[in-house]
Amino acid sequence: MKISISFPSLLVGMFIILLGSCKKSKGPNATPIDPTLNPVVAHVINDYSLFNDTTLTNKGWTKTFEDNFDGDLSKWKVWTGGGFQRELQCYEPSNLQIANGYLQISAKKQTITGPTGIADSTLKSFDFTSGGIQSISTICANTSTPKVMIVARIKIAKGYGMASNFWSYGLYWPTNGEIDFLESRGDVTTEYHTQYFYGPTVGQNIVTNGIIFNPTDGDLGASYHVYEMEWTQNSLSSYLDGKLVETKTGGHIADLFGKPENITLNLAVGGLLYNTLDVTQIQLGTIDVDYVKVFTSN
């Protein structure tokens with residue numbers, strides 16, 4: 001299936017959410033409370049490998065997608081072209097490598113000429129390259145499969161200027177939604193955030209307070225960790241290394257129900273995770289992905 005991407009509309013919504021977080025406090029001298037920050041510090045296990053398919057299948061879940069990256073990328077559409085707002089890289093197929101059962105997405109410092117965007121063939125000069133893929137098949141919590149579990153074992157990229165992303169989105173953003181399972185800055189690898197977007201009109205996100213930053217007691221870029229997201233009609237529940245980290249309810253989560261989305265993995269250079277970016281200080285990095293799996297259940 002051919003996927004079209006509306007970059008300008010996607011960027012507007014992401015920009016509003018990332019910059020629209022507010023601070024709350026009780027009394028003039030109280031310490032501000034950030035409503036986007038999870039107050040619980042998640043415990044992580046280095047090179048976590050205890051996730052087992054049978055834990056879910058024995059409970060009635062059905063595995064509907066799996067890529068252990070021991071072959072090719074035939075289950076994915078490979079991106080070519082420039083990225084989102086304030087990203088500096090051109091996505092190139094050569095920045096994706098499969099080695100020893102792992103997908104490696106690497107950022108490189110190189111000057112090339114490439115398409116301005118994935119959906120814009122106008123040529124432009126870039127000083128960085130990186131990689132991105134999106135699944136050919138879609139995932140969807142709906143009346144037939146009201147529960148969807150998305151799972152990936154990932155070592156995020158380290159380095160200032162790097163932005164690791166594991167997410168899904170639908171056509172005509174944000175009318176078919178977007179769910180961010182994992183996003184993390186390469187210079188703040190002790191935390192990651194989750195988020196979602198939705199709006200009935202193309203290019204207009206109406207979700208507020210959809211983002212949660214999750215601090216951890218370890219370095220997510222030093223070893224592999226398992227990220228899970230359970231998507232149901234009324235909730236989005238995030239798990240890290242087998243433990244529940246946070247659950248989103250209310251808002252416009254129910255509006256995501258029945259909306260098909262493509263799973264995406266990409267490594268950005270810069271982008272909206274950085275309010276300001278000193279290009280001279282960028283440190284290149286690599287995302288390593290062990291597997292991506294999807295399960296559904298009634």
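Author: Let us begin with a definition: two strands count as paired if DSSP finds at least two bridges between them. Please keep in mind that this is a predicted model.

Reader: In which sense do strand β4 and strand β8 pair?

Author: In general, strands of a sheet pair through backbone hydrogen bonds, either parallel or antiparallel. Here, β4 (residues 89-91) and β8 (residues 120-130) pair in the parallel sense over three bridges, and Y91 stands opposite S130 in β8.

Reader: What is the order of the strands in the open sheet of four strands?

Author: The order is β3-β4-β8-β7, and the pairing is mixed. Because β3 (81-82) and β7 (108-117) each have a single partner strand, they stand at the edges, and one side of each is left without a neighbour in the sheet.

Reader: How many residues lie between β16 and β17 in their hairpin?

Author: Two residues lie between them, and D241 in the turn has a positive phi of about 50°. The strands β16 (residues 235-240) and β17 (residues 243-249) run antiparallel and are joined by six bridges, with T249 of β17 as the bridge partner of S235.

Reader: Which residues lie nearest the centre of the second largest pocket?

Author: As a general idea, rolling a probe the size of a water molecule over the atoms shows where empty space is left. In this model, the second largest pocket holds about 230 Å³ of space, and of its 14 lining residues F51, T55, L56, M149 and E228 lie nearest the centre. The elements giving two or more residues to this lining are α2 (53-57) and β15 (225-231), and β15 gives the most, with three residues. The lining residues divide into eight nonpolar, three polar and three charged.

Methods. Residues are numbered from 1 along each chain as its sequence is written. This is a predicted model: local features need pLDDT of at least 70, side-chain atom pairs count only at pLDDT 80 or more; totals for chains, interfaces and linings use all residues. Side-chain values use heavy atoms; hydrogens and water are left out. On a 1 Å grid over the protein atoms alone, a cavity is a set of points where a 1.4 Å probe fits but cannot get out, and a pocket is an open set with protein on both sides within 12 Å along at least five of seven lines; lining residues have an atom within 4 Å of a point. Grid points are joined across faces, edges and corners, and a volume is the space filled by probe spheres set on the points. Ala, Val, Leu, Ile, Met, Phe, Trp, Tyr, Cys and Pro count as nonpolar, Asp, Glu, Lys and Arg as charged, and the others, Gly among them, as polar.
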